[in-house]
Amino acid sequence: MRYVSATLAIRFLLMLLLAFFASCPIQARDIKIGLFFNRKITTVVFTPVGGEYIIYGDYRQVGVARKGFIYHIDNSGGVLTIQDTLNVIGSFSRIEFKGISRSNIFSIRPVIPSLPPRESDDNLLLQGEADFMRIINILDLEKYIAGTIETEGGSNAHPEYYKAQAILARTFAVKNFYRHGSEGFNLCDTEHCQAYKGKSRMNPEIHAAVMATKELVMCDMNGHLVNTPYHSNCGGMTSDAFQAWKQPLPHLQPVIDQFCRNSKNAKWESMLSRDEWIAYLTGKGFKKDRLMQADLSFSPASREKYYRIGEHQVELTEVRRDLKLKSAWFSIVTGADKIRFQGKGYGHGVGMCQEGAMEMARKGYVYVDILHFYFRNIKIESIPERR
Ligand SMILES: [Zn+2]
Ligand SMILES: [Zn+2]
């Protein structure tokens, strides 16, 4: 009897411990972002905008930077020389500005070449290379997510839309965490990864949405992080991943979208002369004689893969890329000497349709509904511990 109650007591204690750990606040995660990626920057100006910074030169404390102080850092052959408005502080291969709190903000402005300044959160690391300096922003993952959503635009959108967008951006960041590992950071600040142009400051709703979905990411049914593409407008039907990218992904299947059909980018038009269109198709291997006599019109009922005349065909995604059309879903209306493209949607059409998602949010759907509508066989979970 005593043995049974001891076992029960141990079980109870274990449950208490589990409940305690499950309710523990999650530690902040940092991410390293390569700023001004692909620009060979040799001189910058650094200014604290909020909070104080400790300055480290080659891991040694060499000063304290206060709000409004200005620091000039110049790279010469991999050696960074830092000076304030009065004195040279020193020369190092690595300079770090470390905020004394988690609410530090700084401004950085490239001088050579001259580029507009950026404001960002948390810490900054500069590393000297032979002919440029690496500029690495080490910041809280959630602040970075807020910045990417603001960079993407979509201001004045509904909070539920921002929450869906936050989960997509966070999933991308965690899934691609080691993309730039050999360069000393996690992700770059361009569209190669996700565009990040600095601190989110225009929309407080973005920050609230990021915090409301803190640590949440999208996984497949086996718990693996998934690709999270999105586009402006699908035109009424999303594209499956295979059709757009020749890569079958079970969570990216065509979805009939009734939400985006009256949005800004639902329709587009473009014109070419008949001769230009025939010349384009001839370049793709179509027979000119055949084209001169053929009916060139085209009116697909839904997303199709090819434009065909006789035995020849060209992929619609290829036509879109070559002619810089807004989407690969279009009809062709022929006139005496003109070809009119009447298109639907804007973008590759795979994954979440942003304008449809915004409309869903306005109609009262929550972010979980929005993500399950555009992505199949997914779960929304906390970041898996092993990345
Ligand atoms: Zn990148
Ligand atoms: Zn849509």
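Two strands are taken to pair if DSSP finds at least two bridges between them. In the predicted model described here, strand β14, residues 216-220, meets this condition with strand β22, residues 378-382: the two run antiparallel and share 5 bridges. Within this pair, C219 lies opposite K379 of β22. Strand β14 is mostly covered, 4 of its 5 residues being buried.

The protein as a whole contains 10 helices and 22 strands. Its C-alpha atoms occupy a box of roughly 80 × 80 × 35 Å along the principal axes. Of its 387 residues, 49% count as buried.

An open sheet is built from 7 strands in the order β4-β3-β8-β11-β12-β1-β13, with mixed pairing. The edges are formed by β4 (60-65) and β13 (187-188); each has a single partner strand, so one side of each has no neighbour in the sheet. Inside the stated order, β8 (residues 94-99) and β11 (residues 123-128) are antiparallel and connected by 4 bridges. E96 has L125 in β11 as its bridge partner. In a regular strand, side chains alternate between the two faces of the sheet.

The loop between β9 (105-112) and β10 (118-121) contains S114. S114 has a relative accessibility of 60% and therefore counts as exposed, the cut-off for this class being over 50%. Between the C-alpha atoms of S114 and G57 the separation is 25 Å, with the two residues 57 apart along the chain.

A zinc ion (ligand 1) is coordinated by NE2 of H180, SG of C188, ND1 of H192 and SG of C193, at 2.0 to 2.3 Å. The spacing of these donor residues in sequence is H-x7-C-x3-H-C. The arrangement around the zinc ion is tetrahedral because the 4 donor atoms subtend angles of 100 to 118 degrees, and the criterion for four donors is that all angles lie between 85 and 135 degrees. For comparison, the ideal angle for four tetrahedral donors at a metal is 109.5 degrees. Accessibility was computed for two of the donor residues. C188 is buried, at a relative accessible area of 0%, whereas H192 is partly exposed, at 43%.

The largest pocket holds about 590 Å³ of space. Its lining comprises 22 residues, and those closest to the pocket centre are F172, E191, C193, P229 and Y230. One of these, C193, is also a donor to the zinc ion. Helix α3 (159-175) and strand β15 (230-231) each contribute at least two residues to the pocket lining. The largest share comes from α3, with 4 residues. Divided by class, the lining of this pocket consists of 9 nonpolar, 9 polar and 4 charged residues.

The largest cavity has a volume of about 60 Å³, and its lining is made up of T148, I149, E152, Q165, A169, Q194, A195 and Y230. Two or more of these residues are supplied by each of α2 (141-151) and α3. By class, the cavity lining divides into 4 nonpolar, 3 polar and 1 charged. Y230 lines the largest cavity and is also among the residues closest to the centre of the largest pocket.

Technical notes: Residues are numbered from 1 along each chain as its sequence is written. Chains are lettered from A and ligands numbered from 1 in the order in which they are written. This is a predicted model: local features need pLDDT of at least 70, side-chain atom pairs count only at pLDDT 80 or more; totals for chains, interfaces and linings use all residues. Side-chain values use heavy atoms; hydrogens and water are left out. Donors are N, O and S atoms within 2.8 Å of the metal (3.2 Å for Na, K and Ca); water is not among the atoms, so sites may look incomplete. Four donors count as tetrahedral if all angles lie between 85 and 135 degrees; four count as square planar and six as octahedral if opposite donors are over 155 degrees apart and all others between 65 and 115; anything else is irregular. Buried means under 20% relative accessible area, exposed over 50%, partly exposed in between (1.4 Å probe, protein chains only). On a 1 Å grid over the protein atoms alone, a cavity is a set of points where a 1.4 Å probe fits but cannot get out, and a pocket is an open set with protein on both sides within 12 Å along at least five of seven lines; lining residues have an atom within 4 Å of a point. Grid points are joined across faces, edges and corners, and a volume is the space filled by probe spheres set on the points. Ala, Val, Leu, Ile, Met, Phe, Trp, Tyr, Cys and Pro count as nonpolar, Asp, Glu, Lys and Arg as charged, and the others, Gly among them, as polar.
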